[in-house]
Amino acid sequence: MNALTQVAGYWMDLTGIFAFAMSGAFVAVRKNFGVFGVLLLAEGAGLGGGLFRDLVIGVVPVAFTDCGYYLMPVAAALVVFFSSRVHRHSGVLAVIDVCDTAALALFGVTGAVKALGHDFSWPSAVALGVASAVGGGILSSVLAMEVPSSLRWEQDLYVLPAVTGAGSAILLDAFGVLNGVTAPCAAVPAFGLGLLATRHRWR
Amino acid sequence: MNALTQVAGYWMDLTGIFAFAMSGAFVAVRKNFGVFGVLLLAEGAGLGGGLFRDLVIGVVPVAFTDCGYYLMPVAAALVVFFSSRVHRHSGVLAVIDVCDTAALALFGVTGAVKALGHDFSWPSAVALGVASAVGGGILSSVLAMEVPSSLRWEQDLYVLPAVTGAGSAILLDAFGVLNGVTAPCAAVPAFGLGLLATRHRWR
Amino acid sequence: MNALTQVAGYWMDLTGIFAFAMSGAFVAVRKNFGVFGVLLLAEGAGLGGGLFRDLVIGVVPVAFTDCGYYLMPVAAALVVFFSSRVHRHSGVLAVIDVCDTAALALFGVTGAVKALGHDFSWPSAVALGVASAVGGGILSSVLAMEVPSSLRWEQDLYVLPAVTGAGSAILLDAFGVLNGVTAPCAAVPAFGLGLLATRHRWR
């Protein structure tokens with residue numbers, strides 16, 4: 001991985017973390033949690049997947065070493081906390097869904113790229129990419145005592161953007177063209193597929 | 001540990017993973033989860049305990065490095081998914097219970113052996129063996145929002161095969177006769193005790 | 001860190017583990033869990049936070065290497081198990097609450113000290129201190145299928161002793177006076193603040 005890939009990966013991670021943290025904070029507000037509860041669910045949803053990925057890879061989790069990573073969920077929690085009146089507007093939920101789809105695609109790519117950079121085989125890289133993408137949402141659901149939405153049968157394609165993103169990153173790497181420009185691009189078709197799946201209710 | 005022990009441990013692990021993954025997939029089907037939900041619960045139940053063991057030991061989890069480990073739960077999920085009509089037959093549940101008992105015994109042995117191989121003391125090795133045996137079931141229960149059955153008071157001896165298996169492995173090691181032939185044998189009395197406990201409803 | 005700091009940290013950890021394990025065992029008894037369930041919840045509540053801290057730092061979790069660490073929850077579980085008649089006395093719950101507050105303060109300090117000793121930055125050290133303090137309680141709540149009490153809005157300042165403890169340790173370190181005598185002292189104001197918050201129902 002060159003420097004550009006790392007910078008691109010960094011910003012993709014932060015964007016994804018912010019989107020996931022928004023979802024987590026929403027769940028906490030809906031459940032009437034306190035300030036600490038909203039913060040913890042935002043942190044859990046935003047950082048949980050990446051934390052799992054880093055523990056498996058065997059590096060110190062970036063969630064605890066980079067300020068940007070743990071301040072992002074704080075920002076998301078504040079946004080959600082101080083806009084609670086807006087939440088009733090149903091349009092907000094749709095926006096959250098779109099952000100979640102984007103975050104799944106981004107995490108699928110960055111997770112797979114990081115795993116490849118640490119000499120994991122490609123099936124493991126796909127698995128780690130998907131795990132890092134769905135991990136945060138599952139953690140925050142479990143903390144809020146809800147069945148993770150990704151497990152329900154109506155949500156079968158929730159995982160599609162993550163799988164597509166991770167798969168695209170693997171393909172780019174196989175052709176030797178994975179770099180700081182193509183990595184973010186790998187997330188685009190994954191995001192598009194995810195949107196299509198949501199809109200047309202593919203199952 | 002010599003090569004034979006490793007091969008024996010490998011096959012014991014795979015057998016145990018398959019049995020645990022069947023249980024996890026059953027829970028998912030009972031809860032009406034989708035394809036991804038069944039897969040995730042099968043993977044979680046099959047690999048969760050070993051993942052925890054490997055993270056504690058400080059090695060890259062074998063669940064993410066060896067194809068056999070993550071394909072086993074996929075196979076178990078497929079078997080459960082495409083045999084859902086058979087599930088109503090009460091005999092199936094009994095078979096699952098027997099498989100679970102065997103898997104607990106096998107994981108107790110392999111977890112303890114792996115911990116000993118990484119210079120853990122014997123009480124730690126027993127604890128890690130038991131944790132690796134019960135971890136997967138607990139993880140899949142939590143993901144499905146059920147109280148893990150191993151915690152309920154009617155199930156007090158659920159953990160018996162794991163403790164016996166881990167203890168037998170420790171004993172064999174203390175006498176210097178732990179190898180690829182005796183390790184699987186250590187699982188046999190553990191399995192037998194577990195079956196007796198289930199049959200006679202020991203508490 | 002000198003030897004004195006380590007000894008002080010060791011006893012602070014053990015005290016905190018015992019207090020948390022009592023809480024965990026109480027939850028298990030209230031939920032009618034069996035012997036294994038009480039043991040597991042005591043171990044989870046007592047060791048969960050430190051286990052998470054050690055995995056993030058990247059060292060072999062002390063919970064699996066030091067006998068004292070895993071025997072402490074066993075002792076707590078036995079105390080709770082064989083005193084179940086006393087539980088109805090409402091005074092017991094108040095004692096448990098005070099012990100929990102003390103444990104939060106102690107874990108906040110020891111978590112932050114351990115993180116600083118492994119070259120984490122101070123915000124990360126605070127985050128790890130807090131995570132190690134609240135982690136065990138959250139784990140045992142999730143295993144018992146209850147919403148972790150630290151997340152509820154009535155409990156907003158549950159986390160206060162942990163934050164104050166971690167923050168005091170950081171300050172002591174910044175002034176170069178963190179040692180085996182001042183570290184336990186850092187827990188005292190945190191404990192006091194926590195008691196005040198509980199008594200006056202600060203929110």
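This note comments on chain contacts, the nonpolar core, salt bridges and backbone angles in a predicted model.

1. Interface of chain C and chain A. Chain C contributes 24 residues to this contact and chain A contributes 20 residues. Together the two chains bury about 1,700 Å², and 78% of that area lies on carbon and sulfur atoms. On the side of chain C that touches chain A, the elements giving two or more residues are helix 2 (35-57) and helix 5 (122-143) of chain C. Helix 5 of chain C supplies the largest share of that side, with eight residues. By class, this side of chain C holds 17 nonpolar, four polar and three charged residues.

2. How many salt bridges are counted between chain C and chain A? The count is zero.

3. Interface of chain A and chain B. Here chain A gives 24 residues and chain B gives 20 residues. The size of an interface is often expressed as the accessible area lost when the parts come together. For chain A and chain B that area is about 1,700 Å², with 78% of it on carbon and sulfur atoms. Zero salt bridges are counted between chain A and chain B, while two residue pairs are in polar contact, both at pLDDT 80 or more. Helix 2 (35-57) and helix 5 (122-143) of chain A are the elements that give two or more residues to the side of chain A that touches chain B. The largest share of this side, eight residues, belongs to helix 5 of chain A. The residues on this side of chain A comprise 17 nonpolar, four polar and three charged.

4. Nonpolar core. The largest nonpolar core has 196 residues, and the members that touch the most other members are A:L41, A:V109, B:L41, B:V109, C:L41 and C:V109. Which residues does A:V109 touch, not counting those up to four places away in sequence? They are A:M12, A:G165, A:A166, A:A169, A:A183, A:A186 and A:A187.

5. B:V126. This residue belongs to helix 5 (residues 122-143) of chain B. B:V126 counts as buried because its relative accessibility is 19%, and the cut-off for buried is under 20%. Leaving aside neighbours within four places in sequence, B:V126 is in contact with B:A166 and B:I170. B:V126 and B:V159 are 33 residues apart in sequence, and their C-alpha atoms are 12 Å apart in space.

6. Salt bridges of A:D54. Over all chains the structure holds 12 salt bridges. In one of the pairs, the side chains of A:R53 and A:D54 meet at 3.1 Å, N to O. Both A:R53 and A:D54 are buried. A:D54 also forms a salt bridge with A:K114, again at 3.1 Å, N to O. Is A:D54 buried or exposed? A:D54 is buried, because its relative accessible area is 0%.

7. Salt bridge of C:K31 and C:E146. The closest N and O atoms of C:K31 and C:E146 are 3.9 Å apart in this salt bridge. C:K31 lies in the loop between helix 1 (3-30) and helix 2 of chain C, and C:E146 in the loop between helix 5 and helix 6 (160-174) of chain C, so the pair ties together parts that are 115 residues apart in sequence. C:K31 is partly exposed, at 30% relative accessibility, whereas C:E146 is buried, at 18%. In chain A, a network of salt bridges links A:R30, A:K31 and A:E146.

8. Positive phi angles. Most residues other than glycine have a negative phi. A:D119 has a positive phi of about 65 degrees although it is not a glycine. A:D119 sits in the loop between helix 4 and helix 5 of chain A and counts as exposed, at 72% relative accessibility. For B:D119, phi is likewise positive, at about 65 degrees. B:D119 is placed in the loop between helix 4 (90-117) and helix 5 of chain B, and at 72% relative accessibility B:D119 counts as exposed.

Technical notes: Residues numbered from 1 in each chain as written. Chains lettered and ligands numbered in written order. Predicted model: local features only at pLDDT ≥ 70, side-chain atom pairs only at ≥ 80, totals over all residues. Heavy atoms only, no water. Contact = heavy atoms within 4.5 Å. Buried area = accessible area lost by both parts, 1.4 Å probe. Salt bridge = Lys/Arg side-chain N within 4 Å of Asp/Glu carboxyl O. Helix = DSSP H or I, 4+ residues; strand = E, 2+ residues; numbered from the N terminus. Nonpolar A, V, L, I, M, F, W, Y, C, P; charged D, E, K, R; others polar. Core = buried A, V, L, I, M, F, W, Y, C linked by side-chain atoms within 4.5 Å. Buried < 20%, exposed > 50% of the residue type's maximum accessible area, 1.4 Å probe, protein only. Polar contact = N/O pair within 3.5 Å; in protein donor to acceptor, adjacent residues only side chain to side chain.
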